[in-house]
Amino acid sequence: MAGLKKMIAFPMLAAFSLLLCPSATVATNTTDEDMMFINYHIHIANDLPYDMPPGYPSLNLHCQSSHRDIGLKAMLPGDDYTFDTKVDLFATTRFYCYAEWLEGKHQYFTAFRARRDEHRCRRYHNACLWSVRDDGIYFSDDNSNWFNTYPW
């Protein structure tokens, strides 16, 4: 009877592990990591002008997903709002943010969407880089070239 349990348990365990790690069955390039295990770093920098009174936050930023609220942060110029995430099993991970500048400008934007960002954010140390500026919210995947993705 114990032998029969072992004969049944091993194939079931092998099948279950293939469901959890399908990339283990396919020969892949060693630099191509399994997307579900990559920790993505989201950085949102306050690059708004320094013309606010000293110590007065110039930007309010609130980020969350459907399962996790990162929280509201009142940011001074030069501050960086950062958090990490992984891609879920079905690649539906999505974090959206609401930015409000005290001059009356506000914008919702998607800081991380798995299907859009899992490849482009891998280019620069698994980081999605955002910069809030006076004419909009910029994205970069290399910390050199910036694109105004969400104008005010």
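Biologist: What should I keep in mind about numbering and confidence here?
Modeller: Residues count from 1 along each chain as its sequence is written, and side-chain values use heavy atoms, with hydrogens and water left out. As this is a predicted model, local features need pLDDT of at least 70 and side-chain atom pairs count only at pLDDT 80 or more, whereas totals for chains, interfaces and linings use all residues.

Biologist: OK, what is the strand order in the open sheet of 4 strands?
Modeller: The order is β3-β2-β5-β6, with antiparallel pairing; strands here are DSSP runs of E with at least two residues, numbered from the N terminus, and two of them pair if DSSP finds at least two bridges between them.

Biologist: And which strands stand at the edges?
Modeller: β3 (69-75) and β6 (106-113) do, each having a single partner strand, so one side of each is left without a neighbour in the sheet. From one strand to the next, the twist averages 15 degrees, with axes being lines fitted to C-alpha atoms and angles running from 0 to 180 degrees between N-to-C directions.

Biologist: How many bridges hold β5 and β6?
Modeller: β5 (residues 94-101) pairs with β6 over 7 bridges in the antiparallel sense, and F95 has F112 in β6 as its bridge partner.

Biologist: Switching to β1, which way does its pairing with β4 run?
Modeller: β1 and β4 (residues 80-85) run antiparallel and are joined by 6 bridges, with I44 opposite Y81 in β4. With β7 (residues 127-133), β1 pairs in the parallel sense, over 6 bridges, and there H41 has A127 as its bridge partner.

Biologist: Is β1 mostly covered or open?
Modeller: β1 is mostly covered, 5 of its 7 residues being buried (under 20% relative accessible area, with a 1.4 Å probe and protein chains only).

Biologist: Where does S58 sit?
Modeller: S58 lies in the loop between β1 (40-46) and β2 (59-64), and S58 is buried, at a relative accessible area of 0%. Its side chain makes a polar contact with the side chain of N46 at 3.1 Å (a pair of N or O atoms within 3.5 Å, where one must be able to donate a hydrogen and the other to accept it).

How values were computed:
Buried means under 20% relative accessible area, exposed over 50%, partly exposed in between (1.4 Å probe, protein chains only).
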